[in-house]
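Welcome, and please load the model in your viewer. We will go from stop to stop, with something to select at each one.

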Amino acid sequence: MKEKLQALKQEALEQLQQVDSLAALNDLRVKYLGKKGPLTEILRGMGALSAEERPIIGQVANEVRGAIESGIQEKQAQFERAETEKRLRSETIDVTLPGRKPKKGAVHPLSKIVEDIEEIFLGMGFKIEEGPEVEQDYFNFEALNLPKNHPARDMQDSFYLTEELLMRTHTSPVQVRTMERMQGEVPVKIICPGRVYRRDDDDATHSHMFTQIEGLVIDEHIRMSDLKGTLLQFVQEMFGADTQIRMRPSFFPFTEPSAEVDVSCMICRGSGCRVCKQTGWLEILGSGMVHPRVLEMSGYDPKKYSGFAFGMGVERIAMLKYGIEDIRHFYTNDVRFLNQFVRA
Ligand code: 2U9
């Protein structure tokens, strides 16, 4: 019996040498170790052995089974290693090849300018406030000293949705909402960026929708010189340290006194060019001291508090700064236009 087992081991290990595929290895496993294999048969016949022989033969049989099993395992590991190496060779990546550059997106030029302006005012201690584009007549007009029959309401024809709701014509209602929320607390020191809507016919310099940034400061003892200093700081950070401003009297229902603010031309630095029509100055801001009635309506005692406000059109600033001749370029999103503002 012992010899039979040894011969079986010998035979199995020899055949194992010949095996050249995983399938053949599996066949061999079934042939020698399977339920119908010779080893199982021998073990089944062990009942006929004497009590002395049985453990000895049992031990040999186990040894033979162990030797065949580990031979098969070894062979299987060899096949798997070869398979892995083959796959690695076929999937090799040449890491020295130049990569494909992903196409980069970019911030829209208008968003970029809004962010630049926000950054400057944040640096001066302003907070940013936003509000709804669909606005109530009260916040858009009434609270800004523009009652129902006021002629200025015709000046800026508006998109009304219902009798009481319209697309906001400026971002001023955001300031009104902020004042109401602050319930007379000071300081108020905010800028309000956002889209506004007016019933204009679109052309190279007009759009029914555009972007505004307005600012409002309320505290005790706020004076016109605070307004002028703030705007001078703003334009010098925005257009260069040598930029100058000049103020001309104007009229807005929500400010008194009111002033248009001109900036020395950032293209020719004041010497006169096509952009500033040889004047050396560009009109880019409106401003003024907050009208006492506007303060009062939103909960600030005009005897105790004063404030200044200003407003600017962002597209106009971007057009002047970059020499863009048609406001519609900002909204048609022609990539040939947008790509000019992608920075490397
Ligand atoms: C409150 C009080 C006062 C905001 C102001 C202007 C002057 C102004 C224009 C600039 C170009 C609009 O985009 S534009 O057409 N804006 O001239 N805006 S003062 O005054 C306010 C706002 C809110 C409570």
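Before we start, one convention for residue classes: Ala, Val, Leu, Ile, Met, Phe, Trp, Tyr, Cys and Pro count as nonpolar, Asp, Glu, Lys and Arg count as charged, and the others, Gly among them, count as polar. Please also keep in mind that this is a predicted model.

**Stop 1: the whole chain**

Colour the chain by its domain assignment, which gives domain 1 (2-90) and domain 2 (109-341). Taken over C-alpha atoms, the centres of domain 1 and domain 2 are separated by 89 Å.

**Stop 2: the second largest pocket**

Now select Leu110, Ser111, Val114, Arg195 and Thr211, which lie nearest the centre of the second largest pocket. Its lining has 13 residues, and the space in this pocket is about 240 Å³. Which elements supply at least two residues each of that lining? They are helix H5 (109-123), strand E4 (188-197), strand E5 (209-219) and helix H12 (329-332). H5 gives the largest share, with four residues. Sorted by class, the lining holds six nonpolar, four polar and three charged residues.

**Stop 3: Glu135**

Move to Glu135, in strand E2. Is Glu135 buried or exposed? Glu135 counts as buried because its relative accessible area is 0%, and the cut-off for buried is under 20%. Show side chains here, and you will find a polar contact of 2.7 Å between the side chains of Glu135 and Arg177. Next, pick the C-alpha atoms of Glu135 and Arg168: they are separated by 5.4 Å, although these residues are 33 apart along the chain. Leaving out residues up to four places away in sequence, Glu135 touches Asn140, Glu164, Leu165, Leu166, Arg168, Pro173 and Arg177.

**Stop 4: Thr169 and its partner**

The side chains of Thr169 and Asn140 are joined by a polar contact of 3.0 Å. Thr169 counts as buried because its relative accessibility is 0%.

**Stop 5: helix H8**

Follow the chain into H8 and select its buried residues: Ser172, Pro173, Val174, Gln175, Val176, Thr178 and Met179. What do the buried residues of H8 pack against? Their partners are strand E2 (134-136), helix H6 (137-140), E4, E5 and helix H10 (292-297). After H8 comes Gln183, with a positive phi near 50°.

**Stop 6**

Most residues other than glycine have a negative phi, and most peptide bonds are trans. With that in mind, here are some places to check the torsions.

- Val186 to Pro187: this peptide bond is cis, with omega near -5°. Pro187 lies in the loop between H8 and E4.
- Glu256 to Pro257: this peptide bond is cis, with omega near -5°. Pro257 is in strand E7 (residues 255-264).
- Gln278: its phi is positive, near 65°, and Gln278 lies in the loop between E7 and strand E8 (281-290). Gln278 counts as exposed because its relative accessibility is 58%.
- Asn333: not a glycine, yet its phi is positive, about 55°. Asn333 is placed in the loop between H12 and helix H13 (335-338), and it counts as partly exposed because its relative accessibility is 40%.

How values were computed:
Residues numbered from 1 in each chain as written. Predicted model: local features only at pLDDT ≥ 70, side-chain atom pairs only at ≥ 80, totals over all residues. Heavy atoms only, no water. Domains from an automatic or database assignment. 1 Å grid on protein atoms, 1.4 Å probe; cavity = no way out; pocket = protein on both sides within 12 Å on 5 of 7 lines; lining within 4 Å. Points joined across faces, edges and corners; volume = space filled by probe spheres on them. Buried < 20%, exposed > 50% of the residue type's maximum accessible area, 1.4 Å probe, protein only. Polar contact = N/O pair within 3.5 Å; in protein donor to acceptor, adjacent residues only side chain to side chain. Contact = heavy atoms within 4.5 Å.
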